[in-house]
Amino acid sequence: MSTLDLNLAFRFAAALGLGMLVGLERDRTHGSGSSIFAGVRTMALVALLGGAAAYVQMELRLPWLLVAAFGAVTGLVWVSYAITAYRG
């Protein structure tokens, strides 16, 4: 395994780990009995999506890719908020 591959693996692991930490904090703050949109798994996947989008953007030189990924995540959050507000 080359140094570049190892460095990339560490970057993805860092994104995944930070996303899991944010998700754990959300779970701890809101309690285990409450229903929240984004917990450990969701935050970890969103962080990994951000890392992957940033990597692909840099490799393929597609400046719109990171913006599109951010827009997709923002859309999911908006839909989740609308459903939660509708249910009460």
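Which helix does Arg 28 lie in? I looked this up before anything else. Arg 28 lies in helix 1, where helices (H or I, at least four residues) are DSSP runs numbered from the N terminus.

**Entry: what I am looking at.** The model is predicted, so I note that local features need pLDDT of at least 70, side-chain atom pairs count only at pLDDT 80 or more, and totals for chains, interfaces and linings use all residues. Residues are numbered from 1 along each chain as its sequence is written, and side-chain values use heavy atoms, with hydrogens and water left out.

**Entry: Arg 28 and its partner.** I looked for salt bridges, meaning a side-chain nitrogen of Lys or Arg within 4 Å of a carboxyl oxygen of Asp or Glu. The count comes to one salt bridge. I found the side chains of Arg 28 and Glu 25 meeting in a salt bridge at 3.1 Å, N to O. Arg 28 and Glu 25 are three residues apart in helix 1, so about one helical turn separates them.

I then checked accessibility (buried is under 20% relative accessible area, exposed over 50%, partly exposed in between, with a 1.4 Å probe and protein chains only). Arg 28 counts as exposed because its relative accessibility is 60%. Glu 25 has 37% and is therefore partly exposed.

I also noted a distance from Arg 28 to Gly 39: they are 11 residues apart in sequence and 9.6 Å apart in space, C-alpha to C-alpha.

**Entry: Leu 24 and the patch.** Leu 24 lies in helix 1, residues 3-30. Its relative accessibility is 47%, so I put Leu 24 down as partly exposed. With Leu 18 and Leu 21, Leu 24 forms a nonpolar patch on the surface, and I noted about 310 Å² of accessible area together. Patches take residues with over 30% relative accessible area and no salt bridge; like charges are joined within 9 Å, and nonpolar side chains (Val, Leu, Ile, Met, Phe, Trp, Tyr) within 5 Å. The areas come from the Shrake-Rupley method with a 1.4 Å probe, and for residues only the protein chains shown count as cover.

**Entry: helix pairs.** How do helix 1 and helix 2 cross? I found that their axes come within 7 Å and cross at roughly 150 degrees, helix 2 being residues 40-60. Axes are lines fitted to C-alpha atoms, for helices over the stretch in contact, and angles run from 0 to 180 degrees between N-to-C directions. Helix 1 and helix 2 are therefore roughly antiparallel (under 35 degrees is roughly parallel, over 145 roughly antiparallel, 65 to 115 roughly perpendicular, the rest oblique).

The axes of helix 2 and helix 3 (residues 65-87) come within 8 Å and cross at roughly 160 degrees. That makes helix 2 roughly antiparallel to helix 3.

Notes. Helix = DSSP H or I, 4+ residues; strand = E, 2+ residues; numbered from the N terminus.
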